[in-house]
Amino acid sequence: MRRITLAAVAIAALCGHANATVCAGTTPGLAKFYSDAWGIDPSSTRFQPAERTSITAANVGRLRLKWVYGLSTDAPRSYPLVTEDTIFIGDSGNGLVALDRQSGCTRWTFKHEGSIGSAILHEGKNGSTTLFFTDRTEGIFALNARDGTLRWKRAPPGDNPVPLLSGTPLIHDGTMFVPLSSFEVGLAANPFYGCCTTSGGMAAIKTSNGDGLWYRRTIPTLPQVTGRHYWFVQNQAPSGAPAWAAPTFDAKRGLLYFGTGQNYSRPTTTTSDSIFALDASDGSIRWRHQFTSGDAYNTSCDLSERHPNCPKPMGPDLDFGAPPILAHTLDGRELLLAGEKSGAVYALNPDDGSVVWTHRAGRGGALGGVHWGMAVNEALGLLFVPVSDIVAGHLTGKGEARPGLFALDLASGALRWSHLRTARCSDRTCSPGFSAAIVAGPDLVFAGSLDGKLEAIDARSGKLLWSYDSWKDYPSTVSGKPAKGGAFDAHGPMLAGDQLIVSSGYGSFYQRGGNALLVFELSGNKTP
Amino acid sequence: MSADLVLAGRGRRLVATLIDVLLVPALAIFIMLVTGVLEHAADWSATARPMLRIFALGVVSYLILNIWLLWKRGQTVGKAMMGIAIVSTKSGVRAAFWRLTIRALFFPTLYLIVWPWAAAFPLIDQLLIFGRRRRCGHDYVCGTSVIRRG
């Protein structure tokens, strides 16, 4: 018997076998959801009210790590959806998993080997709940939330032959709005590639079956040949202006807002590095506002500015990587707040896109400045601006880096407080900035730093309330797969009831990778 | 093998291989440039199978560069430039074309073996050249030797 056991252990070790804690057959509770969009709500406020979180400045010191799930990727890109008893999250390489909130055991797994790159969305209809996620290249998937079976899937909408689904779609009343970017930004690194022809876009599809409703290119004109290199290879333009991030929905005006990135080739367009407002019913453009003109860049420039596909002159790559936030000031005015990788924050009039105020929070650069997402607390009249200011080679912004979190007055853009961070070491992986999106509770803000620290900051004063260092190994996890903490980046933390859920590790851009899904809980409390 | 045949030196064989290794992608790139077969976004979509196109470019380039010389003289371009040729170990004359074809495919095929523990196969194949008979693994399998051709 002992020999058989030893053989089994040896085989398991050789095969890298790991046993997840499984609670198969248990059905996820679907009565209460803690978010409705990537931005938590359709306005992209990244704010959790007291009805959705019991974690406050007074009790945050009682947060304890409850369990860890070892993900299958070292650059997790999925944002969880939480119900009263279940966490749904993309575990790239494994699939979409439904985890019990208390124990972390796996209720069901939708097996999928691709890269799940979105928040998990939900929609209830006729007593049945459907979950949605996007694979970065394969398209959009709809699952039965009860058991994880596939309802439908479809390829990315639009006319781009190399689409990239980076931003999370947004659902409203049976329609899914899908932001579209492009892999062409990377293909251009091949000097024999004729850069560039694809356009970013926004599409609307039916949530019932994935059928297309409308599609809007961010560059309306089709590309033309603008020259040649190496005698044969055709240079083409215009191109780019991808929609990297989730859109924001304005039910009152019937508008859909989103930001775009730079052009990939010259001549440039007036639609890159812009905020768009589309009519949600047909995709027609109500207004758009460009904030950086003449910005043309692609990854060939990272190899050499003399690369034949690097636009000349090379632009600064100042996308809008974060969704715009629709928020109310204390006196009831509505503003659309857009944070740019340049480090600038703009407050716009949502009716016409005119600028109400501007504030420069950081020096910016190709990786932010403002990178993934800001948050607001309307009751306090504050906008919270995370600033990365990581060194981005020749695309680093000018001036002194100001990595940290800044609170601005919603109405005026005036600085109320700042929480500046310092590096723990001089290595690139120790960049102290906040690149990941943040999330706000009633009186505090949670932000994860590129150097692996998760912090709770007082919303009124900017004082550090709680901190957790995730730069460690987690040999024992509920998935049976050893986990490692790394940089906090991408989607950032989620607040749900008495729990704080966040993925640590993001191995892109030379940052420290990791695969730890961390679930914290207030000690001594029950989940509401 | 006939006593008057001189085995090719290891250095010449290495240089000949390097020449072939450089010429094949160079021709593949030239074909790619002229035909534009991987120049546009549509060529890189999943349905266009870009990896298959790259593989095909490599195979076509290899065949263009080598098939005539291999067929007629038992040489690749690199071997012709270095004055060496592949012969049948048994007869000492040009090996049969089917043997040369198997020999040419042998080494790349080793890399297609996906088991991690098989990663040493290509290395073992090459290290055998340091034996007294200066024959790689693929020479033993195909019954060939590489000789000087004056």
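1. The contact between the two chains takes 15 residues from chain A and 11 residues from chain B. Contact here means heavy atoms within 4.5 Å. The model is predicted, so local features need pLDDT of at least 70 and side-chain atom pairs count only at pLDDT 80 or more, while totals for chains, interfaces and linings use all residues. Residues are numbered from 1 along each chain as its sequence is written, chains are lettered from A and ligands numbered from 1 in the order in which they are written, and side-chain values use heavy atoms, with hydrogens and water left out.

2. How much area do chain A and chain B bury between them? They bury about 1,100 Å², and 71% of it is on carbon and sulfur atoms. Buried area is the accessible area (1.4 Å probe) that two parts lose on being put together, summed over both. In chain A, the residues that lose the most area to chain B are P161(A), F192(A) and F232(A). Together they make up 49% of what that side buries.

3. Next, the polar side of this interface. There are 0 salt bridges between chain A and chain B. A salt bridge is a side-chain nitrogen of Lys or Arg within 4 Å of a carboxyl oxygen of Asp or Glu. The rule does find 4 residue pairs in polar contact across the interface, both residues being at pLDDT 80 or more. A polar contact is a pair of N or O atoms within 3.5 Å; within protein, one must be able to donate a hydrogen and the other to accept it, and residues adjacent in sequence count only if both atoms are side-chain atoms.

4. Which elements of chain A give two or more residues to the side that touches chain B? They are helix 2 (184–187) and strand 16 (233–237) of chain A. Strand 16 gives the most, with 3 residues. Helices (H or I, at least four residues) and strands (E, at least two) are DSSP runs, numbered from the N terminus. By class, this side of chain A has 8 nonpolar, 6 polar and 1 charged residues. Ala, Val, Leu, Ile, Met, Phe, Trp, Tyr, Cys and Pro count as nonpolar, Asp, Glu, Lys and Arg as charged, and the others, Gly among them, as polar.

5. Chain B itself has 6 helices and 2 strands. Along the sequence, the pattern is α-α-α-β-α-α-α-β. The C-alpha atoms of chain B fill a box of roughly 60 × 35 × 25 Å, taken along the principal axes.

6. The structure holds 1 cavity of 30 Å³ or more. On a 1 Å grid over the protein atoms alone, a cavity is a set of points where a 1.4 Å probe fits but cannot get out, and a pocket is an open set with protein on both sides within 12 Å along at least five of seven lines; lining residues have an atom within 4 Å of a point. Grid points are joined across faces, edges and corners, and a volume is the space filled by probe spheres set on the points.

7. The largest cavity holds about 110 Å³ of space. It is lined by 15 residues, and the closest to its centre are S78(A), D489(A), H491(A), G492(A) and S503(A). Strand 36 (residues 499–504) of chain A supplies the largest share of the lining, 3 residues. The lining divides into 9 nonpolar, 5 polar and 1 charged residues.

8. The second largest pocket has about 990 Å³ of space. Its lining counts 37 residues; D317(A), K341(A), A366(A), L367(A) and F509(A) are the closest to its centre. The classes here are 18 nonpolar, 12 polar and 7 charged.

9. Over all chains, the structure holds 21 salt bridges. One of them joins R217(A) and D159(A), with the closest N and O atoms 2.9 Å apart. R217(A) lies in strand 14 (residues 212–217) of chain A and D159(A) in the loop between strand 9 (150–154) and strand 10 (163–164), so the pair ties together parts that are 58 residues apart in sequence.

10. Check the backbone at P267(A). The peptide bond from R266(A) to P267(A) is cis, with omega near 5 degrees. P267(A) sits in the loop between strand 18 (255–259) and strand 19 (274–279) of chain A. Leaving aside neighbours within four places in sequence, P267(A) is in contact with T226(A), A237(A) and P238(A).

11. Another cis peptide bond joins C195(A) and C196(A), with omega about -5 degrees. C196(A) is in the loop between helix 2 and strand 13 (201–206) of chain A.
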